Amino acid sequence: MDTNAARRRSRAGRTRSRRRRLLAAAGLALAGTATATAGSIALDRDPGPGGGPAPAAAVSSTTATVPVVTTTTAPPPPELPRGGRQLFPRYRVVGFYGMQNLDVLGAGPPEVVAERLLKVARPYATPGHPVMPMFELIATVAHPFPTPSGLYRTHQEDAIVRSYLKAVRRIDGVLVLDVQPGRDDFVSSLRHWEPYLRQPDVGVALDPEFAMGSGQVPGKQVGRTDAAAINRASAYVAGIVRRHRLPQKLFMVHQFRDSMIADKAKITIRSGLAMTWNADGFGVRSAKLEDYRSYTRDRRFHPGLKLFYENDVDLMRPREVLRLKPVPRVINYQ
């Protein structure tokens, strides 16, 4: 019995040893197959004796699957409606300001207003500076009475914003959302519009005239803001541009009185934003030009000028606007 048991143990040991050798041999064969296959994809083999390709190594009946490497190309970043990713200095922006049933932007259906804008903008196109049409829509509207939020402001309905965006896209222009924050702050109002700001053809305008402090009422006092508030707003919008790889986005600040902006020199210029200072006063031409010269002394900002069809005395013609120094890069009509 002891002899038989010893024999059985000996056979079992030889069997296990043989299995290990077979498994090791199979592993080497698989490794050789994978190496040969990979070599046929990535490397040229040495030429054979006759100058042609060397014969392929023998491959065992067991084959290894080599993962197929695929490369994906990221889509190109979005561009501006009329091409390119930089708004300035290439383009000259010409636009209409207002809202539905108010000012020139609201003087008719958006599609009709868009065609009218193209005619007004045409004289501003010069060699090397094509026109970019703009709708500046008052998107956050200040009110001289308490609103349900208690912030003396409301936001336009999405259907209205979409209608103006659709119309300006038909003429390859940009939509600028004008923010009158009331007793709210700029960033809080801008957050409401983030789904639109993620689009490559939607910009921002801040209106400090309607930025109210505690106890102030829009229309009864002239609002004011400071560099810190503008910096927070510009950082927020620049972050959207960066995350979504957007083209340069118009970021405009309106001003018609020195007291409206405190610490202007401390405002930060943000990458990805075409930061524009807009001279927003109306009246006699000499006063408008004095304001324009004052606001454009800080050459860190792109120059902008607003013209008023009804309230300007002796409305400036396009050729006169183009003779200004510096030449405005944004001209918007109200």
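Predicted model: local features only at pLDDT ≥ 70, side-chain atom pairs only at ≥ 80, totals over all residues.
The volume of the largest pocket comes out at about 250 Å³.

Next comes the second largest pocket, with a volume of about 190 Å³. Its lining is made up of 15 residues, and by class these split into six nonpolar, five charged and four polar. Nearest the centre of the second largest pocket sit Asp184, Asp185, Ala211, Thr225 and Ala229. As for secondary structure, at least two lining residues come from each of α4 (186–192), β6 (225–226) and α6 (227–243).

The largest cavity has a volume of about 70 Å³. Its lining consists of Leu80, Leu87, Val174, Pro200, Asp201, Val202, Gly203, Gln248, Lys249 and Leu250. Two strands, β5 (202–206) and β7 (249–255), are the elements that each contribute two or more residues to this lining. Sorted by class, the residues around the largest cavity comprise six nonpolar, two polar and two charged.

Key
Residues numbered from 1 in each chain as written. Heavy atoms only, no water. 1 Å grid on protein atoms, 1.4 Å probe; cavity = no way out; pocket = protein on both sides within 12 Å on 5 of 7 lines; lining within 4 Å. Points joined across faces, edges and corners; volume = space filled by probe spheres on them. Helix = DSSP H or I, 4+ residues; strand = E, 2+ residues; numbered from the N terminus. Nonpolar A, V, L, I, M, F, W, Y, C, P; charged D, E, K, R; others polar.
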